[in-house]
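Please keep the sequence and the model in view while reading.

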Amino acid sequence: VRKLNPATGEVITKIAAAEAEDVDVAVQAAQKAFPAWAETPAAERGRLLLRLADLIEENSEELAQLESLDTGHPIKDSRRLDVPRTAACFRYFGGIADKIEGNVIPVEQGFLNYTTREPIGVVGQIVPWNFPLMFTSWKLGPALAAGNVVVMKPSEITPLSTLKIAELIKKAGFPDGVVNIVPGYGHTAGQRLADHPDIGKISFTGSTQTGRSIVNASSGNLKRVQLELGGKGANIVFEDANLDAAVNGAAWAIFHNQGQACIAGSRLVLHEEIADQFLEKFVALAQSIRLGDPLDPNTEMGPLTSELHRDKVLAYAKIAVEQGGKILLGGTAPQDARLKNGYFVMPTIVEAKVDDRVAQEEVFGPFVTVIRFKDDAEALQIANGTEYGLGSGLWTNNLQRAHLFAKKIKAGMCWINSYKRVNPGSPFGGVGKSGYGREMGFEAIHDYTEVKSVWVNVDAIIPPHFQRGE
């Protein structure tokens, strides 16, 4: 696979592409490693994860450079967000490894009933191209802490930081076969992970369309499936909101990582009383965002990660106009000659109707759709008016309204007077066509373990079930 620099279109390097047979070899290695890894004391598994977190911090600058070179993330974000969050995730699950508990169930007199949580075995994991470094930790952390072994496929577009993590895993002292990285294409390596009969679970982050194919392929051995798919997050600004905070928060919600985030606040839902005032400030802020080389510390927004994706995002600007939308800003590639070979898109703001394609379909770029509302009932209807349900946000000083909307919005996550906050201890995932299952937190540990119920007859007298005549 040719690995291109998204800022210049130049070839960085070439990466071997795993075929189905390579996945089979990796699964065999994982199967061989599983019994010993599952029996490794939980505290020792945790110690290795903590050691890996230390190594990530020791190699933080190299990882940040790789992530920015690979994806187009501005280097300042890779340094202050991606790398520290990756280390924090491994450290969290390193600490949780020896704290995975079962329960004692109150059952009838004379019996002790307790549950244990046991690892699933070999799990397959498919990492997306938008935040490859962080998602590598989100998937590996809970799986390894719970005693599973892993076969992971990074995206063929952005494999570099995951491969560096593999190198650090080896250096940390993880046994051979516990983690296996198979870079390759989705239709070959990814397909084999999904349909492999010896994989007990598949964890996939990516598009809803591919998620459906993962579910279909997994049916052969009824493997567990955890999906984190698309999103069309509603970011609602009420009339009583702190406008300056909401403007800054809304810009972060959609323009961070060039809008290439499933949780992006891609639908900006504005109360009609403050919409014009908000948009004046919001457009001015978007116009001031500095596009440039992602390795330049002054760059605030880099290129999209691939040429194909850049073209898809720009096509949505044409679709918006065809359906009567109004482009307030952007909708084109930048005119700066220094950026002409990269996959850049200007920050784009479009006013549209609720049912327009740009208000319903995931664009996955620096592209926000503006919709106005009159009252709370209409705002909630708009927020729940798509098939997705991942991230959502609202800006208000009304405490009652905030909690009511947090309850009624159909989404796996809701941020109040903020947006896009994540933490290793907080579950991450969606509902509807945004998928099911959760990354991070104890919820992730639950998703990587099987529950076993154990019954012990302590002093119960059980009469014979069958009477024999004399």
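Contact here means heavy atoms within 4.5 Å. The model is a predicted one.

**The sheet and its helices**

An open sheet is built from 6 strands in the order S7-S6-S5-S8-S9-S17, with mixed pairing. Strand S7 (179-181) and strand S17 (435-436) are at the edges; each has a single partner strand, so one side of each lacks a neighbour in the sheet. Strands of a sheet pair through backbone hydrogen bonds, either parallel or antiparallel. Strand S5 (residues 122-126) and strand S8 (residues 201-205) run parallel and are joined by 4 bridges. Within this pair, Gln125 has Ser203 of S8 as its bridge partner.

Helix H8 (residues 208-218) packs on the sheet and touches S5, S8, strand S9 (224-228) and S17. The direction of H8 makes about 180° with that of S9. Helix H1 (residues 20-39) lies across S5, strand S6 (149-153) and S7, and runs at about 150° to S6.

**Two residues with positive phi**

Most residues other than glycine have a negative phi. Leu222 and Gln258 are both non-glycine residues with a positive phi.

| Residue | Phi | Loop | Relative accessibility |
|---|---|---|---|
| Leu222 | about 55° | between H8 and S9 | 73% |

Which of the two classes, buried or exposed, applies to Leu222? Exposed means over 50% relative accessible area, and Leu222, at 73%, therefore counts as exposed.

Note on methods: Residues are numbered from 1 along each chain as its sequence is written. This is a predicted model: local features need pLDDT of at least 70, side-chain atom pairs count only at pLDDT 80 or more; totals for chains, interfaces and linings use all residues. Side-chain values use heavy atoms; hydrogens and water are left out. Two strands pair if DSSP finds at least two bridges between them. Helices (H or I, at least four residues) and strands (E, at least two) are DSSP runs, numbered from the N terminus. Axes are lines fitted to C-alpha atoms, for helices over the stretch in contact, and angles run from 0 to 180 degrees between N-to-C directions. Buried means under 20% relative accessible area, exposed over 50%, partly exposed in between (1.4 Å probe, protein chains only).
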